[in-house]
Amino acid sequence: MAFTMGVLTELEEHGADQGGGVDLAQAEAQAGPGVPLHITFPDGKAATALP
C-alpha cells in the first residue's frame, strides 16, 4: 500500500492526469492487507489448502 501511495503521490506532483481526484486517505482507510483472491486466480481456480 505504501508503495502505491508513493507512486500516486509522485505522479500527482509531476502533473500526471489521474482522471479526477483520488483521496488516498480514504482509500487507505478502506484497504485491507494482501491481494484480493480473484485478482490472481479466476473464480473457482484457487487452491484452498496446500497438499
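**Exercise 1. A surface patch**

Task: In this predicted model, which residues make the nonpolar surface patch of about 300 Å²?

Solution. Step 1: Name the members. The patch is made by F3, V7 and L11.
Step 1: F3 sits in helix α1.
Step 2: Check its exposure. The relative accessible area of F3 is 68%. The cut-off for exposed is over 50%, so F3 counts as exposed.
Step 3: Recall a rule about helices. Residues three or four places apart point the same way, because an α-helix has 3.6 residues a turn.

**Exercise 2. Two residues at the start**

Task: Is A2 buried or exposed? And which residues does M1 touch, leaving out those up to four places away in sequence?

Solution. M1 belongs to the segment before α1, while A2 lies in α1.
Step 1: Judge A2. Its relative accessibility is 66%, so A2 is exposed.
Step 2: Judge M1. With a relative accessible area of 48%, M1 is partly exposed.
Step 3: List the contacts. M1 touches A27, E28 and A31.
Step 4: A2 and E28 are 26 residues apart along the chain, and their C-alpha atoms are separated by 9.2 Å. M1 and G34 are 33 residues apart in sequence, with 9.1 Å between their C-alpha atoms.

**Exercise 3. The whole chain**

Task: How many helices and strands does the protein chain have, and what share of its residues counts as buried?

Solution. Step 1: Count the elements. There are three helices and zero strands. From the N terminus on, the order is α-α-α.
Step 1: Take the buried share. Of the 51 residues, 2% count as buried.
Step 2: The accessible surface comes to about 4600 Å², and 60% of it belongs to carbon and sulfur atoms.

**Exercise 4. Confidence**

Task: Where in the protein chain is confidence lowest, and where is it highest?

Solution. Step 1: Start with the average. The chain has a mean pLDDT of 75, and 65% of the residues score at least 70.
Step 1: Confidence is lowest in helix α3 (residues 37-40), at a mean of 68. It is highest in α1, at 86.
Step 2: Apply the caution. Where pLDDT is low, the predicted coordinates should not be read in detail.

Terms used. Residues are numbered from 1 along each chain as its sequence is written. This is a predicted model: local features need pLDDT of at least 70, side-chain atom pairs count only at pLDDT 80 or more; totals for chains, interfaces and linings use all residues. Side-chain values use heavy atoms; hydrogens and water are left out. Helices (H or I, at least four residues) and strands (E, at least two) are DSSP runs, numbered from the N terminus. Buried means under 20% relative accessible area, exposed over 50%, partly exposed in between (1.4 Å probe, protein chains only). Patches are made of residues with over 30% relative accessible area and no salt bridge: like charges are joined within 9 Å, nonpolar side chains (Val, Leu, Ile, Met, Phe, Trp, Tyr) within 5 Å. Accessible areas come from the Shrake-Rupley method with a 1.4 Å probe; for residues, only the protein chains shown count as cover. A salt bridge is a side-chain nitrogen of Lys or Arg within 4 Å of a carboxyl oxygen of Asp or Glu. pLDDT is the predictor's confidence in each residue, from 0 to 100. Contact means heavy atoms within 4.5 Å.
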